[in-house]
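Let's take a walk through this structure together, starting with an annotated site and moving on to the aromatic side chains.

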Amino acid sequence: MLTFALTVVRHGETQYNRDKLLQGQGIDTPLSDTGHQQAAAAGQYLRDLHFTNVFVSNLQRAGQTAEIILGNNLHSSAAEMILDPLLRERGFGVAEGRPKEHLKNMANAAGQACRDYTPPGGETLEQVKTRFKKFLKSLYQRMLEEHGSADQCSVSTPGPSEPEQPVIAGLANDGVQNVPVHALIVSHGAFIRVSVRHLVEDLQCCLPAGLKMSQVSSSCPNTGISRFIISLRREDSGPRACRIQCVFINRKDHLDDARNSA
């Protein structure tokens, strides 16, 4: 069995974020000055962690965020950054470039909740989930190929040796103290929300004590950080996650620290 950590970060702020305009996939904007500061704060917060793998949306706001995070990291500055279109933001079709309020009005007119509404030409939530599932499949395969050995990843029966629930102390290294394999993902708000819900609701990820389900579906702030510990094993049908443990969701301590030091 191979156990690895997965840290997921949303990109820093863009001017479109500040102006409450939808970007989706068709609006490829750079980070704002605030976004650069947020990414640097996230990088400082994560600076002592070693990322063995880095996967990033191929939209520039995510790429810039990842570059800044790695540039602040003491152990991973030379890590290969893989740009993956599967990690792109949800497509919002005709609503891209328009105010978020416009999307709400379109959803109201259709009699749907804004989060569930798909504007013309946009991706449904199910399509976004399918994209994430495709990414997970390729991620699992890559992690086993690069970090797993035959004896580590053979089929086993869960027992006392299975990973225990990680100790959460509010620190940047929560959950990863004894996990040498660690993947970093930098992606987007709507995509991350769908991904987290899939891990928790569909894959039955274990949640830490005190975490409410409302937090699972909450919006991730710019450079918000989530972390999961995933244990894989090989099966005839391919790699399978036999255990997924959530460490935290949408943590933003680094943003508070940045504001306090400003």
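What follows is a tour of a predicted model.

The UniProt annotation, from an unreviewed entry, covers Arg-10, His-11, Gly-12, Glu-13, Thr-14, Gln-15, Tyr-16, Asn-17, Arg-61 and Lys-100. From this set, Arg-10, His-11, Asn-17, Arg-61 and Lys-100 also belong to the lining of the largest pocket.

Two of the annotated residues are worth a visit. Thr-14 sits in the loop between strand S1 (2-10) and helix H1 (15-18). Its relative accessibility is 0%, so Thr-14 counts as buried. Setting aside neighbours within four places in sequence, Thr-14 is in contact with Gln-23, Thr-29, Pro-30, Leu-31, Ser-32 and Arg-61. Asn-17 is in helix H1, and with a relative accessible area of 14% Asn-17 is buried, because the cut-off is under 20%. Leaving out residues up to four places away in sequence, Asn-17 touches Arg-10, His-11, Gly-12, Gln-23 and Asn-222.

Now for the rings. The structure has two aromatic pairs. In one, the ring centres of Phe-55 and Phe-135 are 5.8 Å apart with the planes at 80 degrees, so this pair is edge-to-face. Phe-55 comes from strand S2 (residues 53-56) and Phe-135 from helix H5 (residues 125-147), so the pair ties together parts 80 residues apart in sequence. Phe-55 is buried at 4% relative accessible area, and Phe-135 is buried at 1%.

Phe-132 and Phe-191 form an edge-to-face pair too, 5.9 Å centre to centre and with 85 degrees between the planes. Phe-132 lies in helix H5 and Phe-191 in helix H7 (residues 189-202), so this pair links parts 59 residues apart in sequence. Both Phe-132 and Phe-191 are buried.

Notes. Residues numbered from 1 in each chain as written. Predicted model: local features only at pLDDT ≥ 70, side-chain atom pairs only at ≥ 80, totals over all residues. Heavy atoms only, no water. UniProt positions renumbered as here; feature names shortened; annotations may be inferred. 1 Å grid on protein atoms, 1.4 Å probe; cavity = no way out; pocket = protein on both sides within 12 Å on 5 of 7 lines; lining within 4 Å. Helix = DSSP H or I, 4+ residues; strand = E, 2+ residues; numbered from the N terminus. Buried < 20%, exposed > 50% of the residue type's maximum accessible area, 1.4 Å probe, protein only. Contact = heavy atoms within 4.5 Å. Phe/Tyr/Trp six-rings, centres within 6.5 Å; stacked < 30°, edge-to-face > 60°.
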